[in-house]
Amino acid sequence: MARPRQFDEEEAVRAARDQFWAVGYHGTSIDDLSAATGLGRGSLYAAFGGKRALFLRALDSYDSDALGAWRTALGGPGPALPLLERHVRDVAEDITRDVERRGCMMARSAAELSSVDEGVAERTAAVVRGLHSALRGCIVRAQAEGSLAADADADSLAGLLLAVLRGLEALGKAGAAPEVVGGAAEQALALLPRVATDDRAAGATSSTGA
C-alpha cells in the first residue's frame with residue numbers, strides 16, 4: 001500500500017510559482033525548485049513528473065488566480081461603469097506598486113516560451129480570451145444600464161482596454177514613472193463612449209411615456 005504524501009501539494013505549487021515568476025522557466029533549475037518547495041529531487045519528480053509539468057501547474061495556478069480576480073472585480077454588484085473604472089485604476093496602481101518589476105507571470109511565460117511550447121501558448125490564449133470576456137461583459141452591462149453608448153462595439157472596446165492594460169504592465173516593467181502609467185489609464189477611460197447624465201434622464205423619461 002502506497003504511503004500518503006507528507007506535504008501540501010498546492011503549497012508546493014505556489015512556492016514553485018513564485019520561483020518561476022521571479023526568474024523564469026529557463027532561469028529555474030530543479031535544485032532551485034527543491035530549495036523553494038523544500039522537496040527533494042526525487043519527491044519533485046514523483047509528485048509532479050518533472051520541471052515542465054510543475055511549471056505548467058504553477059502557470060495554471062497563476063492564470064486561475066489572475067482570471068478569477070478580474071471576473072470578481074468586473075462582475076461584482078453595483079453599476080457596471082464604476083466597476084470598470086475602478087478595475088482599470090486598480091490595475092494601474094498595482095503596476096506602480098510592483099517595485100520588483102516582476103510584472104505578469106503569464107506575460108513573462110508567453111514571451112519566454114509560447115513560440116516553442118504549445119502548452120504555454122494555448123494557456124496564454126485561453127487566459128487572454130477570458131480577460132477579454134470579463135471586460136466585454138462589464139461593458140455590455142454598462143450599455144444596458146445606459147451609462148455607455150448602446151451602439152458602441154463592446155468587443156472592440158474590450159479589446160482596446162485589454163490592450164491598454166497589458167501595455168501598462170509592459171510600461172511598468174520597463175520602469176515608466178507612476179504618473180505615466182496612471183495617466184495612460186485615465187486617458188483610456190476618457191475614450192469610453194459615455195452617455196451624458198442629461199441624455200440618460202431624457203431616455204428614462206421617454207421610456208415612461210411622459
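Predicted model: local features only at pLDDT ≥ 70, side-chain atom pairs only at ≥ 80, totals over all residues.
View 1. Helices here are DSSP runs (H or I, at least four residues), numbered from the N terminus. Threonine 124 counts as buried, at 14% relative accessibility. Buried means under 20% relative accessible area, exposed means over 50%, and partly exposed covers what is in between (1.4 Å probe, protein chains only). Leaving aside neighbours within four places in sequence, threonine 124 is in contact with Met106 and Ala110; contact means heavy atoms within 4.5 Å.

**View 2. Helix α7 from end to end.** Helix α7 has 28 residues and reaches 41 Å from its first C-alpha to its last, close to the 40 Å expected at 1.5 Å a residue. That expected span is 1.5 Å times one less than the number of residues. Among the buried residues of α7 are Gly119, Val120, Val127, Leu131 and Ile139. The buried residues of α7 pack against α4, α5, α6 (105–113) and α8 (154–173).

**View 3. Helix α5 against helix α7.** Two packed helices are described by the angle between their axes and the distance between the axes. For α5 and α7, the angle is about 145 degrees and the axes are 8 Å apart. Axes are lines fitted to C-alpha atoms, for helices over the stretch in contact, and angles run from 0 to 180 degrees between N-to-C directions. On the α5 side you will find Ala80, Leu81, Leu83, Leu84 and His87, which meet Leu135, Cys138, Ile139, Arg141, Ala142 and Glu145 of α7. The residues of this contact divide into 8 nonpolar, 1 polar and 2 charged. Here Ala, Val, Leu, Ile, Met, Phe, Trp, Tyr, Cys and Pro count as nonpolar, Asp, Glu, Lys and Arg as charged, and the others, Gly among them, as polar.

**View 4. Helix α1 across helix α4.** The axes of α1 and α4 are 8 Å apart and meet at an angle of about 90 degrees, so the two helices are roughly perpendicular to each other. Angles of 65 to 115 degrees count as roughly perpendicular, those under 35 as roughly parallel, those over 145 as roughly antiparallel and the rest as oblique. From α1, the contact includes Val13, Ala16, Phe20 and Trp21, and from α4 it includes Leu54, Phe55, Ala58 and Tyr62. By class, this contact has 8 nonpolar, 1 polar and 6 charged residues.

View 5. Side chains of opposite charge can pair when their charged atoms come close. A salt bridge is a side-chain nitrogen of Lys or Arg within 4 Å of a carboxyl oxygen of Asp or Glu, and by this rule the count comes to 11. In one of them, aspartate 65 meets arginine 17 at 2.9 Å, N to O. Aspartate 65 lies in helix α4 (residues 51–74) and arginine 17 in helix α1 (residues 9–23), so the pair ties together parts that are 48 residues apart in sequence. Aspartate 65 is partly exposed, with a relative accessible area of 46%, whereas arginine 17 is buried at 12%. Another salt bridge joins aspartate 60 and arginine 123 at 2.7 Å, N to O. This pair links distant parts of the chain, with aspartate 60 in helix α4 and arginine 123 in helix α7 (residues 118–145), 63 residues apart. Aspartate 60 is partly exposed at 33%, and arginine 123 is also partly exposed, at 24%.

View 6. Aspartate 94 forms a salt bridge with arginine 97, the closest N and O atoms being 2.5 Å apart. The two residues are 3 apart in helix α5 (residues 80–97), so about one helical turn separates them. Aspartate 94 counts as partly exposed, at 42% relative accessibility.

**View 7. Arginine 101 in the loop between α5 and α6.** Most residues other than glycine have a negative phi. Arginine 101 has a positive phi of about 55 degrees although it is not a glycine. Arginine 101 lies in the loop between α5 and α6 and counts as partly exposed, at 41% relative accessibility.

Note on methods. Residues numbered from 1 in each chain as written. Heavy atoms only, no water.
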